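Dear colleague,

Please find below the structure that I am handing over to you. My notes on what was found in it follow directly after.

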Amino acid sequence: ASSFVSVPPFAMAGRWQQLGATAWDVLRKDSWRFVKAAAFFYYVHEHVVELAYTKGPSMRPTFNERGDVVLVEHISRNTYSLKPGDVVISVCPVESHKMICKRLLALEGQSVKVQGAASARPGCSTATTKTLEEGDVVPKGHVWLQGDNYHNSTDSRHYGPIPYSLLRGK
């Protein structure tokens with residue numbers, strides 16, 4: 001008496017098809033859940049909140065020169081409720097693959113009192129240094145950003161006014 005049971009080949013084929021269909025159903029359902037989760041996380045990252053890493057001397061003493069992790073909320077940017085004094089994260093107007101962290105000093109239509117003299121920095125010659133003259137205002141759709149460490153920051157004094165659309169959040 002053997003415990004081996006002989007199964008006709010046609011019965012095995014049906015069983016494999018059944019297992020294949022079950023695996024396909026599971027894969028289809030799980031991939032749909034994955035797509036929904038990815039869409040949710042993308043929406044949260046782009047429109048609600050994200051984590052960012054700041055590094056460098058331009059925002060000393062507010063942030064550590066060696067780096068800090070910050071929570072960046074996007075709702076203020078999306079609802080146009082940013083105000084002067086807010087620390088913001090923005091896409092760099094010169095190198096679009098980099099982000100910059102600066103203090104918002106003025107919104108469109110506001111005049112700027114430039115704090116600290118602009119100095120030549122790597123990648124920015126004194127010929128490209130921009131300032132607003134007394135009485136000038138930030139143009140429509142732009143903001144004026146400056147680092148807290150005036151003597152060691154590449155900011156709107158070099159770039160000029162920055163388009164509001166480059167801001168990520170505060």
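Of the 170 residues of the protein, 29% count as buried. Please keep in mind throughout that this is a predicted model.

Overall composition

The protein contains 3 helices and 7 strands. Read from the N terminus, its elements follow the order α-β-β-α-β-β-β-α-β-β. Among the contacts with a separation of 6 or more, 61% are made by residues 24 or more positions apart. The accessible surface amounts to about 11,200 Å², and carbon and sulfur atoms account for 61% of that area.

Strands β1 and β2

Strand β1 covers residues 49-54. One of its faces, formed by Glu50, Ala52 and Thr54, is covered, whereas the face with Val49, Leu51 and Tyr53 is uncovered. The partner of β1 is strand β2, residues 68-73; the two run antiparallel and are joined by 6 bridges. Within this pairing, Tyr53 stands opposite Val69 of β2.

The nonpolar patch

Which residues make the nonpolar surface patch? They are Leu51, Tyr53, Val69 and Leu71, and the patch has an area of about 490 Å². Strands β1 and β2 each contribute at least two residues to the patch. Two of the patch residues, Leu51 and Tyr53, also belong to the uncovered face of β1 described above.

Leu51 deserves a separate remark. This residue lies in strand β1. Is Leu51 buried or exposed? Leu51 counts as exposed because its relative accessibility is 61%, and the cut-off for that class is over 50%.

Ser90 in strand β3

A contrasting case is Ser90, which is located in strand β3, residues 87-91. Ser90 has a relative accessible area of 0% and is therefore buried, the limit for that class being under 20%. What does the side chain of Ser90 reach at 3.3 Å? The answer is the backbone oxygen of Leu166.

With kind regards

Note on methods
Residues are numbered from 1 along each chain as its sequence is written. This is a predicted model: local features need pLDDT of at least 70, side-chain atom pairs count only at pLDDT 80 or more; totals for chains, interfaces and linings use all residues. Side-chain values use heavy atoms; hydrogens and water are left out. Buried means under 20% relative accessible area, exposed over 50%, partly exposed in between (1.4 Å probe, protein chains only). Helices (H or I, at least four residues) and strands (E, at least two) are DSSP runs, numbered from the N terminus. Two strands pair if DSSP finds at least two bridges between them. A polar contact is a pair of N or O atoms within 3.5 Å; within protein, one must be able to donate a hydrogen and the other to accept it, and residues adjacent in sequence count only if both atoms are side-chain atoms. Patches are made of residues with over 30% relative accessible area and no salt bridge: like charges are joined within 9 Å, nonpolar side chains (Val, Leu, Ile, Met, Phe, Trp, Tyr) within 5 Å. Accessible areas come from the Shrake-Rupley method with a 1.4 Å probe; for residues, only the protein chains shown count as cover. A salt bridge is a side-chain nitrogen of Lys or Arg within 4 Å of a carboxyl oxygen of Asp or Glu. Contact means heavy atoms within 4.5 Å.
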